[in-house]
Amino acid sequence: MKSLYGVIGSPIAHSMSPLIHNDAFLHNGMDAHYHAFHVDAGELETAVAGMRALGVNGFNVTIPHKEAIIPLLDSVEEAALKIGAVNTVVNKNGKLIGYNTDGRGFVEALKEVVELKNKHILIIGAGGAARAIFYTLAIEEGIHVDICNRTVSKSEDLVREFSLEQISRSITVEQAAKELDRYDVVVQTTSVGMFPKINDIPLALNSIKQHAVFSDIIYNPLETKLLREAKDLGAVTQNGIHMFAYQAALAFELWTGKLPDTDRMKNLVKEHLGGKTC
Ligand code: ATR
């Protein structure tokens, strides 16, 4: 029988997950289908019960359900509990198990362009995406991760909540801008610079470290103003397509045991968005 996978969220119509997962199923010769289900906030409980009743094999979870789904699952992996968000559910013999592949997806993508050991990293932002990335980066060996956010209390809370005072400081955006040349890697996790406000930039770039890597989780536009300016100053840049592909690939692996071709996923997304990438 054909296996069924999907994603639940609202809005969901423009999700690119069906495109890349259905292609991966086809490419791996698997008899499976991935469908986007529009589920509003008030319908989450019913939707999860429906997934159980229908025996759906696994699904992704996106805005606005990543936190709210946790108590509805049978178990949740430790990292997802710490991050406080689930983006992937596996149906294992009728038990729904929650995972978070956002943080690991980001870190795997970042490792494609930089070796993280002994690096000084700056995270811009302290929202949901930053939580997943901060937690996952911080468990890497021998790195230092500072975090800055418009609302400083939120970045301070994150350092405290994850008990990362030994390897991490919460700093203001102004301080981060002033000290930008200390950082080997700069990770942009806010919505600043996203379409349609493509001329916005989360912090001013004066001087940056030689060979610095700038990674922005935004993929619309493919090159944010931050990435463009960083590239002009000599940085290696990476856009959000890479994280998107890896978080999907890790979910696919949790469901099927097979890690799909991430380059293929990236190319499909790029093609779909119709542009060049960095
Ligand atoms: P996500 O789950 O996508 O991370 P979020 O949890 O709403 O979304 O977090 C959004 C992040 O973008 C936050 O760090 C937010 O900063 P605040 O905590 O100060 O709100 C940041 N952000 C959004 N709009 C911003 C803006 N115009 N300038 C600076 N930061 C902004």
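**Chat about strands, helices and backbone**

Q: In which sense do strand β3 and β5 pair, and over how many bridges?

A: Strand β3, residues 58-61, and β5 are antiparallel partners, joined over three bridges. Pairing needs at least two DSSP bridges between the strands. Strands (E, at least two residues) and helices (H or I, at least four) are DSSP runs numbered from the N terminus.

Q: What sort of model is it, and how are residues numbered?

A: This is a predicted model, in which local features need pLDDT of at least 70 and side-chain atom pairs pLDDT 80 or more, while totals for chains, interfaces and linings use all residues. Numbering runs from 1 along each chain as its sequence is written, and side-chain values use heavy atoms, leaving out hydrogens and water.

Q: Thanks! Which residue of β5 is the bridge partner of N60?

A: That's T88.

Q: And β5 itself, covered or open?

A: Mostly covered: in β5, residues 88-92, four of the five residues are buried. Buried is under 20% relative accessible area, exposed over 50%, partly exposed in between (1.4 Å probe, protein chains only).

Q: How does β5 pair with strand β6?

A: Antiparallel, over five bridges, with β6 covering residues 95-99. K92 stands opposite K95 of β6. The two strands make a hairpin with two residues between them, and N93 in that turn has a positive phi of about 50°.

Q: Switching topic: what order do the strands of the open sheet follow?

A: Six strands make up the open sheet, in the order β9-β8-β7-β10-β11-β12, with parallel pairing. β9 (170-171) and β12 are at the edges; each has a single partner strand, so one side of each lacks a neighbour in the sheet.

Q: How many bridges join β7 to β8?

A: Five, between parallel strands at residues 120-124 for β7 and 144-148 for β8. In this pair, I123 stands opposite I147 of β8.

Q: Which helices pack on the sheet?

A: α5 does, touching β7, β8 and β10, and its direction makes about 165° with that of β7. Helix α8, residues 225-232, also packs there, touching β10, β11 and β12, at about 170° to the direction of β11. Axes are lines fitted to C-alpha atoms, for helices over the stretch in contact, with angles from 0 to 180 degrees between N-to-C directions.

Q: What about α4, which residues are buried there?

A: D102, G103, G105, F106, V107, A109 and L110. That's seven of the 10 residues of α4, which spans 102-111. They pack against α5 (128-138), β10 (185-188), β11 (213-216), β12 (236-238) and α9 (241-256).

Q: How do the axes of α1 and α10 cross?

A: The axes of α1 (residues 17-27) and α10 (residues 262-273) come within 10 Å and cross at roughly 135°. The contact (heavy atoms within 4.5 Å) involves L19, I20, D23, A24 and H27 of α1 with R264, M265, L268, V269 and H272 of α10.

Q: Does D23 count as buried or exposed?

A: D23 is buried, at 18% relative accessibility. Beyond its neighbours within four places in sequence, D23 is in contact with P18, R264 and L268.

Q: Last one: where are the cis peptide bonds?

A: One joins S10 and P11, with omega about 5°, and P11 is in the loop between β1 (3-9) and α1. Another runs from F195 to P196, with omega near 5°; P196 lies in the loop between β10 and β11.

Q: And what is phi of H211?

A: Near 65°, a positive value in a residue other than glycine. H211 is also in the loop between β10 and β11 and is exposed, at 66% relative accessibility. S163, another non-glycine, has a positive phi of about 50°.
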